[in-house]
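Here are my notes on this model, as numbered points. Please read them with the structure open.

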Amino acid sequence: MSNMMATQAGDAGAFHDFDLSRVPTPSFVVDEIAIAQNLMVLADVADRSGAHILAALKAFSMFALAPMVRQYLRGTCASGLYEARLAREEYGGEVATFCAGYKDSEIDEIISLSDHMIFNSPAQKDRFLAKCQAAGKQVGLRINPEHSEGEIAKYDPCAPCSRLGTPISQLTSEVINGVDGLHMHTLCEQGFAPLERTWATIEPKLKPYLSQLKWLNFGGGHHITRDDYDRDALVNFIQDIRSRYDVDVYLEPGEAVALDAGILIGEVLDLPQNGMDLAITDISATCHMPDVIEAPYRPAMMGETDTGHIYRFGGPSCLAGDVIGDYGVARPLNVGDRFAFLDQAHYSMVKTNTFNGVALPTIVLWNSRTDDLRIVKQFGYDDFKDRLS
């Protein structure tokens, strides 16, 4: 099998013609043109609707592209101290920070880095309200709409007994005291209709408090850059809320920034057989794509076929469950063959780890128009050792 394993593009886009032998393995390769196209879509929605659109660093924080993100979006949202520092140091613009629980030892620095401080509970809001107000920062409270749209319970912030957000049924004037805006995050890789249904459910419950607010933040999970997303409906929805309630509207897309913009390239190391054909690779589900195990989900492989030769792909670690999935290929594999998993720029890159001493993937930036290729970061033994003691 050649280094160009792909025979059909699928949603591979420009990567269909990328020579997988150009980079070491494993490697994340991100197409800066695809990122720019996603950002242009988001900027258009922001311009037409008047929304503040922030890039969620928890999903995609490749700060080599921070200048490009700054060009199109208003800022970023962070999940704690380190992301807030990265946001302020590399991206600029607005920084909105939400954390399920802030530490006393970090709160002053986080406040200094953030424009919006969003709290998970009234208790945390009350505890740090004076500090935020003294620093002139906007204060937000995350709510739980108690309306589920998520398909997987453990990824649904509105699942029963969720630790995320203050249940909307617990809102009172006292709870809202000192709050400039409300934040909610209820979606995951979804279109406009779930947002519309969520708002229809919670709007009557929020009406007593909307006149006191400066903004509403609808969080992330919006697949705005997907071709079938109803962006006109989203624009009209935002315009209507802004005009009727005189509030700013924020969105925090993460995946939408890097959707279909990156691949993860690996190499076949061994081809054992045990009841079926197996492929041991230098890509590990547990180390490089942990959502495969946690979600779970099955990443698409470039050039996979429904028929042909079926292999169970897995990583080099000792974890029995380090299995990526079963994939069909056009012809039998050979040791040394290259392959690529699609749509790996978001989440996979930020979740990598060095369990078993498995090497972290190289990070590569590619321009699909000019064919320029640049290795942004290579990792070695010190990156593994420095995490330990």
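1. R85 and E89 form a salt bridge, with 3.2 Å between the closest N and O atoms. Bear in mind that this is a predicted model. Both residues sit in helix α3 (residues 81-91). They are four residues apart there, so about one helical turn separates them.

2. How exposed are the two partners? R85 is partly exposed, at a relative accessible area of 37%. E89 has 52% relative accessibility and counts as exposed, because the exposed class begins over 50%.

3. K125 and D126 also meet through their side chains, in a salt bridge of 2.8 Å from N to O. Is K125 buried or exposed? K125 is buried, with a relative accessibility of 0%. D126 is partly exposed, and its relative accessible area is 48%. The buried class covers values under 20%, so K125 at 0% falls within it.

4. Next, the pair K351 and E294. Their side chains make a salt bridge, at 3.7 Å from N to O. This pair links distant parts of the chain, 57 residues apart. K351 belongs to helix α12 (residues 348-351), and E294 belongs to helix α11 (residues 291-294). The distance of 3.7 Å is within the 4 Å cut-off for a salt bridge.

5. What is the exposure of this pair? K351 is partly exposed, with a relative accessible area of 27%. E294 counts as partly exposed too, at 36% relative accessibility.

6. How many salt bridges does a search of the whole structure find? The search returns 19. A network of salt bridges links D44, R48 and D232. Check these three side chains together when viewing the model.

7. Now the strands. Strand β15 (residues 338-342) is mostly covered, and five of its five residues are buried. Both faces are covered. On one side lie R338, A340 and L342, and on the other F339 and F341, all of them buried. Note that R338, an arginine, is among the buried residues of β15.

8. Which strand pairs with β15? Strand β11 (residues 262-270) does, in the antiparallel sense, and the two are joined over five bridges. For a point of reference in the pairing, take G266: its bridge partner in β15 is F339. F339 is also one of the buried residues of that strand.

How values were computed:
Residues are numbered from 1 along each chain as its sequence is written. This is a predicted model: local features need pLDDT of at least 70, side-chain atom pairs count only at pLDDT 80 or more; totals for chains, interfaces and linings use all residues. Side-chain values use heavy atoms; hydrogens and water are left out. Buried means under 20% relative accessible area, exposed over 50%, partly exposed in between (1.4 Å probe, protein chains only). Two strands pair if DSSP finds at least two bridges between them.
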